[in-house]
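Have a look at the sequence and the 3D picture, then follow along below.

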Amino acid sequence: MKNVGYNNSVAVIGANSKAGKHIATAICKAYRVLLMDTDAMQTTTLANEIRNITQSPEAVETLTCSKDASWEADVIVLVVPVALQPAIAQKIAEVATCKTILQIISENTNHSSIQNLLPHSNVVSVTLHDTTAIVQGKNKVAVQLAIHLLSFTHWKIVEKKVYKLKENKQQLNIHSYKK
């Protein structure tokens with residue numbers, strides 16, 4: 001685990017949400033965290049909490065713009081209500097090229113993937129149910145990165161894979177990871 005000289009950064013857009021706070025504090029010892037949310041006071045409080053955890057002022061930065069946070073980040077975690085995700089996806093599309101984006105969704109929410117709004121990014125859908133994260137995506141490397149990041153949360157991680165079979169049939173395989 002890297003504690004000094006962060007090589008990678010993760011933007012958490014919607015950092016003040018319950019899941020956003022949990023992810024940010026879980027990964028902060030291994031990754032530089034870029035926090036973005038609309039309530040600057042809450043975001044500053046979270047940033048101070050992360051500085052206390054890591055004992056490093058370089059471990060965290062607060063930003064007020066999702067595009068700026070996404071531009072600076074290697075990985076983007078989108079933890080905002082599903083209704084706001086398409087607008088944010090359009091705003092960050094220009095700077096999210098070739099980046100992995102974790103689209104965090106609560107279990108009982110009707111949603112559609114933002115992959116079509118981010119055609120040059122690798123979107124991984126993460127559906128949360130209590131302490132379980134169901135991970136699904138088309139890019140194997142991006143899915144493995146998402147699983148790695150989420151492993152810091154101590155949530156049970158379930159990878160949902162869909163494989164194409166002959167004659168356009170699909171087979172669903174589910175793999176569970178325990179920490």
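## Starting at Thr100

Let's begin with Thr100, which sits in strand β5 (residues 100-106). Helices here are DSSP runs of H or I with at least four residues, strands are runs of E with at least two, and both are numbered from the N terminus. Thr100 is buried, at a relative accessible area of 9%. On this scale, buried means under 20% relative accessible area, exposed means over 50%, and partly exposed is in between (1.4 Å probe, protein chains only).

Who does Thr100 touch? Setting aside neighbours within four places in sequence, Thr100 is in contact with Asp74, Val75, Ile76, Asn122, Val124, Ala142 and Leu145. Contact means heavy atoms within 4.5 Å. Now look for Val141, which lies in helix α5. Val141 is 41 residues from Thr100 along the chain, and their C-alpha atoms are separated by 9.0 Å. Thr100 is buried, but Val141 counts as exposed, with 65% relative accessibility.

## Where the model comes from

What you see is a predicted model, where local features need pLDDT of at least 70 and side-chain atom pairs count only at pLDDT 80 or more, while totals for chains, interfaces and linings use all residues. Residues are numbered from 1 along each chain as its sequence is written, and side-chain values use heavy atoms, with hydrogens and water left out.

## The whole chain

Zoom out and you can find five helices and nine strands. Follow the sequence along and the pattern reads β-α-β-α-β-α-β-α-β-β-β-α-β-β.

How much of the chain is buried? Of its 179 residues, 45% are. And take the contacts with a separation of 6 or more: 52% of them are between residues 24 or more positions apart.

Val60 is part of strand β3, and so is Glu61, with the strand covering residues 60-63. Are they buried or exposed? Val60 counts as buried at 4% relative accessibility, whereas Glu61 is partly exposed, at 24% relative accessible area.

Val60 is in contact with Val33, Leu35, Ala47, Ile50 and Arg51. Glu61 is in contact with Arg32, Val33, Leu34, Leu35 and Glu72.

Val60 and Ser9 are 51 residues apart in sequence and 9.1 Å apart in space. For Glu61 and Arg51, the numbers are 10 residues and 9.7 Å.

Next up are α1 (18-27) and helix α2 (residues 40-54). They pack at an angle of about 25°, with their axes 9 Å apart. (Axes are lines fitted to C-alpha atoms, for helices over the stretch in contact, and angles run from 0 to 180 degrees between N-to-C directions.) The two helices are therefore roughly parallel to each other; angles under 35 degrees get that label, over 145 is roughly antiparallel, 65 to 115 is roughly perpendicular and the rest is oblique.

Which residues make the contact? From α1 come Lys21, Ala24 and Thr25, and from α2 come Gln42, Leu46, Glu49, Ile50 and Ile53. They divide into four nonpolar, two polar and two charged. (Ala, Val, Leu, Ile, Met, Phe, Trp, Tyr, Cys and Pro count as nonpolar, Asp, Glu, Lys and Arg as charged, and the others, Gly among them, as polar.)

## Two positive phi angles

His154 is in that loop between α5 and β8 too. His154 has a positive phi of about 65° although it is not a glycine, and counts as exposed at 59% relative accessibility.

Asp130 also has a positive phi without being a glycine, at about 55°. You'll find Asp130 in the loop between β6 (122-129) and β7 (132-137), where it counts as exposed at 66% relative accessibility.
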